[in-house]
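Me: I would like to learn how to read side-chain features in a model such as this one. Could we go through it together?

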Amino acid sequence: MNIPGQVAMREGLEAQVKIINEQAQQTNARGIKLIPRIAGDGAEGIEKQIQQMYEMVALRPDAIVIQPTDNAALAKPLRAANRAKIPVIAYDQYIDDGELAAYISSDNFQAGVMGGEYVAAHFDNQKPIRLILVEYPHVSSTVERVNGFLDALSGNQQKYQILKTYEAVEPISGQRAGERILADFPQKDSVDVVFTVNDGGGLNVVEALAKAGRNEIFVATIDGDPKSVENIRKNRLTRIDSAQFCGPLGAEAIKAAYNVLRDQPTPRYALIPTFPITRETLSLYPGWAGPIPQDFKKPWSSLEPMWRGQSRVVIP
């Protein structure tokens with residue numbers, strides 16, 4: 001509702017439904033009728049989505065496709081759907097307990113790795129970088145991003161010191177985190193790197209830092225929001241944004257659901273690649289809607305020199 005990347009995922013899903021229904025009409029096959037619900041952000045969104053999922057189970061649809069707001073909170077309603085024999089397809093985030101018919105996500109660990117390796121390529125690995133994390137430890141995607149980022153720093157022998165962590169994933173909490181960073185670290189050159197787990201909160205962190213004139217800070221983030229891309233273009237704090245292909249992610253989720261309902265083969269767990277947007281790669285990035293670009297060699301030092309645009313099947 002308020003996080004543009006998630007809105008783009010929903011739009012990709014809805015656009016794919018139109019394609020499926022047009023093809024179904026031509027072949028006299030069953031199409032898809034969507035019964036949409038939007039949970040919203042924060043704690044209220046989590047509670048609302050729990051009730052929405054129970055409501056959907058009671059409606060007995062052919063399938064439930066969901067983007068979870070919280071990994072653990074939906075475990076009980078997922079088990080209720082399992083008991084009702086309603087297949088559940090999750091995208092973007094996982095659900096910790098119960099059985100999913102399919103799970104489609106961006107390669108969030110890869111997204112973090114690309115941010116970490118890009119940071120490592122621009123700092124002296126003999127001197128620990130002073131690092132701030134703006135994280136959100138309630139969903140699998142953001143946890144995987146932090147893990148990938150820190151693993152890449154270590155894998156590239158980049159020393160680091162985490163000065164402090166803050167929690168933000170949407171605009172209001174992002175603004176609050178930016179203000180707290182400035183209050184906690186008011187001196188220029190007291191922070192080297194800020195890593196934000198998404199642009200939903202990260203854009204307002206950058207905005208606060210930029211207004212305070214803290215342009216010395218190297219920001220790495222994830223999502224590919226057009227405003228963040230513009231910050232990279234203008235050299236405004238953000239140096240790398242590991243972008244999701246939000247439209248294709250939503251489209252793949254509904255394709256998986258349609259395959260499950262028709263007893264067609266579909267991976268139980270698949271990852272959509274993420275794209276490293278930097279000043280060097282701006283011309284190669286097509287935007288959230290895709291299409292996913294061809295492979296290319298990264299123009300910075302990397303343990304995996306080639307970026308590859310293929311989806312990865314984790315569990316067939």
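**Reading side-chain contacts**

Reply: Let us begin with a polar contact, which is a pair of N or O atoms within 3.5 Å, where within protein one must be able to donate a hydrogen and the other to accept it, and residues adjacent in sequence count only if both atoms are side-chain atoms. Here the side chains of Ser-190 and Arg-214 make such a contact at 3.3 Å. This is a predicted model, in which local features need pLDDT of at least 70 and side-chain atom pairs count only at pLDDT 80 or more, while totals for chains, interfaces and linings use all residues. Residues are numbered from 1 along each chain as its sequence is written, and side-chain values use heavy atoms, with hydrogens and water left out.

Me: Where does Ser-190 lie, and is Ser-190 buried or exposed?

Reply: Helices (H or I, at least four residues) and strands (E, at least two) are DSSP runs, numbered from the N terminus, and Ser-190 sits in the loop between helix 6 (171-184) and strand 6 (193-196). Accessibility is read as buried under 20% relative accessible area, exposed over 50%, and partly exposed in between (1.4 Å probe, protein chains only); Ser-190, with 19%, is buried.

Me: Which residues does Ser-190 touch?

Reply: Contact means heavy atoms within 4.5 Å, and, not counting residues up to four places away in sequence, Ser-190 touches Arg-130, Leu-163, Phe-185 and Arg-214.

Me: How many salt bridges does the structure hold?

Reply: Side chains of opposite charge can pair when their charged atoms come close. A salt bridge is a side-chain nitrogen of Lys or Arg within 4 Å of a carboxyl oxygen of Asp or Glu, and the structure holds 15 of them. One of these joins Arg-10 and Glu-14 at 3.7 Å, N to O; because the two residues are 4 apart in helix 1 (residues 4-27), they are separated by about one helical turn.

Me: Which parts of the chain does the pair of Glu-207 and Arg-236 link?

Reply: Their side chains meet in a salt bridge of 3.1 Å, N to O. The pair links distant parts of the chain, with Glu-207 in helix 7 (residues 199-211) and Arg-236 in the loop between helix 8 (226-233) and strand 8 (238-243), 29 residues apart. Glu-207 is partly exposed at 29%, and Arg-236 is partly exposed at 26%.
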